[in-house]
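Trainee: I am new to this structure. Please walk me through a few features.

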Amino acid sequence: PDLHMLPMDVDDRMSTAQAARMLEIFLDRISLETSTCTEHLLDKQFAGPSLSREEWALKLEVEAFISSLAKNSAAQKAPGYKFISEMISNLGGNPDELSERLQQHPASSKSQHPTTTRVVTESNLTNRNE
């Protein structure tokens, strides 16, 4: 079989509560090992001082990218667009909100929207972390 059952207490020396606690720790460790530690970046619940300066810099750049994408109908039709939606989800964002932004900014396929670049500096981030 693909799944092997292992007891938490091989020697039968632990109480049920102790074995349950060991299982809980084991499952927490598996969860930690399998997480990417990035799910919080675009999650609105983690805004504020819980983000490091580097995370704030990345968050601002990704949000600028998402806003730019919302205005570019040609990019939205590209085959790789579904991967962008997955990336947003993996970073804690809501792909449905991206869809809403896209509907709010219907861009004609004839028009070209200039890309703006936001420069994130230490001074920009200092005010956020104080």
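Trainee: Where is the place of Asp 12?

Mentor: Asp 12 sits in the segment before helix H1 (16-34). Helices are DSSP runs of H or I, at least four residues, numbered from the N terminus. This is a predicted model, where local features need pLDDT of at least 70, side-chain atom pairs count only at pLDDT 80 or more, and totals for chains, interfaces and linings use all residues. Residues are numbered from 1 along each chain as its sequence is written, and side-chain values use heavy atoms, leaving out hydrogens and water.

Trainee: Is Asp 12 buried or exposed?

Mentor: Buried means under 20% relative accessible area, exposed over 50%, partly exposed in between (1.4 Å probe, protein chains only). Asp 12 is exposed, at 70% relative accessibility. Asp 12 also has a positive phi of about 55°, although it is not a glycine.

Trainee: What is the relative accessible area of Lys 59?

Mentor: Lys 59 has 6%, so it is buried. Lys 59 lies in helix H2. A polar atom of its side chain is 3.2 Å from the backbone oxygen of Leu 41.

Trainee: At what angle do the axes of H2 and H4 cross?

Mentor: Axes are lines fitted to C-alpha atoms, for helices over the stretch in contact, and angles run from 0 to 180 degrees between N-to-C directions. The axes of H2 (residues 53-69) and H4 (residues 81-90) cross at roughly 140° and come within 12 Å.

Trainee: Which residues in H2 and H4 meet?

Mentor: Contact means heavy atoms within 4.5 Å. Val 62, Phe 65, Ile 66 and Leu 69 in H2 meet Tyr 81, Ile 84, Met 87 and Ile 88 in H4.

Methods: Helix = DSSP H or I, 4+ residues; strand = E, 2+ residues; numbered from the N terminus. Polar contact = N/O pair within 3.5 Å; in protein donor to acceptor, adjacent residues only side chain to side chain.
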